Amino acid sequence: MTRYDAADLRTTLATLFTENGASPEVAETTARILVEGDLLGHHTHGVKLANGYLKDLKAGHASGDHSRLEIQENSPVAALFDGHYLLGPYLVQRALDHCRDAAATFGIGMVSLKRSHHIACLAAYLQPLVEANLVPLILTSDPAVASVAPFGGLDRVYTPNPLAIGIPGREQPLLIDVSMSTITNGTVAKTRAAGDKLDHPAILTGHGEISDDPEDYFASPEGSILPLGELAFGHKGFALGLMVEALTSALSGYGRKDAPEGWGASVMVMVIDPARFGGVEPFLDETDHLARRCLGSRPRDPDRPVRLPGQSGLARRRDYLDNGIPLPSDVVEAMREAVADSSLSGSTAFG
């Protein structure tokens, strides 16, 4: 795959968003977060999303006007943001900044965010806060979409509902980004588009059988994505999925009961400052100790030693910053489509 310079990608994306009505701050923040997703290897939630964001900006289904952000409730440690479908990366970054300011004084800050547009890769927000020895936490759901069935049921009710948390460490910081379902909507769509089968049976057909064929998700009766834990232990993923629903849509007061339409998100963001609890140095002592114990564990497979969450992503990020990001062909095609309709046509690596 051809490699693309991260800075050039950020500039290209920021220009595209600005030309489609986004303010410079919204455009630059969104571009940075999308490229960061690819730097960490999350290509389904990186630059690939730009074309969809641009189409929603053009159609009026998303906003790039930063003045639309409304802070409806605000206390020293907690706030409610109404995003009015501003581009999600900008909204989440504003929420994290708000939480960081609160945590500096009170040890913790928390924002409930409703009516956000799509928020991209959760892990992409974590590293700057982790490097400041802070603990960021992000949970999200999409109240306009249903793709996961409750454990024991067949009908789709909620989304994969991921959570992300960054844990500082001197030796090996942790970037955790996991869904409460076995796979994500993006994985189903990407696998289907490629004409492939899933790596393992993660689909529950409309007749109640497990399947590795993404076509079964789109069949009639429609299938669903299995909760984390699948049929054996899916009750655990189901419970965690409901937790995310409660801490995102329910907490903000806006969710599935309101029958929203379009690409969106309900989000909960929190930042914790260990300095206001047991102290930064003891915190790092503990996380370093735990990381060493995990990495030193005898591997079940000698060729596949223990790998901590985020370890490969951070290594990949260093490589990609030095040598460029190898974008998959479908991402490149999406970028060419976006650039072709802009002032950048013929002046970038995408034509």
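**Salt bridges and a helix pair**

E215, at 39% relative accessibility, counts as partly exposed; the class lies between buried (under 20% relative accessible area) and exposed (over 50%), with a 1.4 Å probe and protein chains only. The model here is predicted, so local features need pLDDT of at least 70 and side-chain atom pairs pLDDT 80 or more, while totals for chains, interfaces and linings use all residues. Residues are numbered from 1 along each chain as its sequence is written, and side-chain values use heavy atoms, leaving out hydrogens and water.

**Exercise 1.** Find the partner of E215 in a salt bridge, and say which helices the pair ties together.

Solution. Step 1: a salt bridge needs a side-chain nitrogen of Lys or Arg within 4 Å of a carboxyl oxygen of Asp or Glu. Step 2: the side chain of E215 meets that of R192 at 3.2 Å, N to O. Step 3: E215 belongs to helix α7 (residues 215-218) and R192 to helix α6 (residues 185-194), so the bridge links parts 23 residues apart in sequence. Helices (H or I, at least four residues) and strands (E, at least two) are DSSP runs, numbered from the N terminus. Step 4: R192 is also partly exposed, at 35%.

**Exercise 2.** Work out which strands the salt bridge of D82 and R115 ties together, and how accessible each residue is.

Solution. Step 1: the N to O distance for D82 and R115 is 2.6 Å. Step 2: D82 sits in strand β3 (residues 78-82) and R115 in strand β4 (residues 108-116), so parts 33 residues apart in sequence are tied together. Step 3: D82 is buried at 2% relative accessibility, whereas R115 is partly exposed at 25%.

**Exercise 3.** Describe how helices α2 and α10 pack, and what makes the contact.

Solution. Step 1: α2 (residues 24-39) and α10 (residues 311-323) meet at about 110 degrees, with axes 8 Å apart. Step 2: the two are therefore roughly perpendicular. Step 3: E36, D38 and L39 of α2 touch G313, R316, R317, Y320 and L321 of α10. Step 4: by class, this contact has 3 nonpolar, 1 polar and 4 charged residues.

For the terms: axes are lines fitted to C-alpha atoms over the stretch in contact, with angles from 0 to 180 degrees between N-to-C directions. Under 35 degrees is roughly parallel, over 145 roughly antiparallel, 65 to 115 roughly perpendicular, the rest oblique. Contact means heavy atoms within 4.5 Å. Ala, Val, Leu, Ile, Met, Phe, Trp, Tyr, Cys and Pro count as nonpolar, Asp, Glu, Lys and Arg as charged, and the others, Gly among them, as polar.
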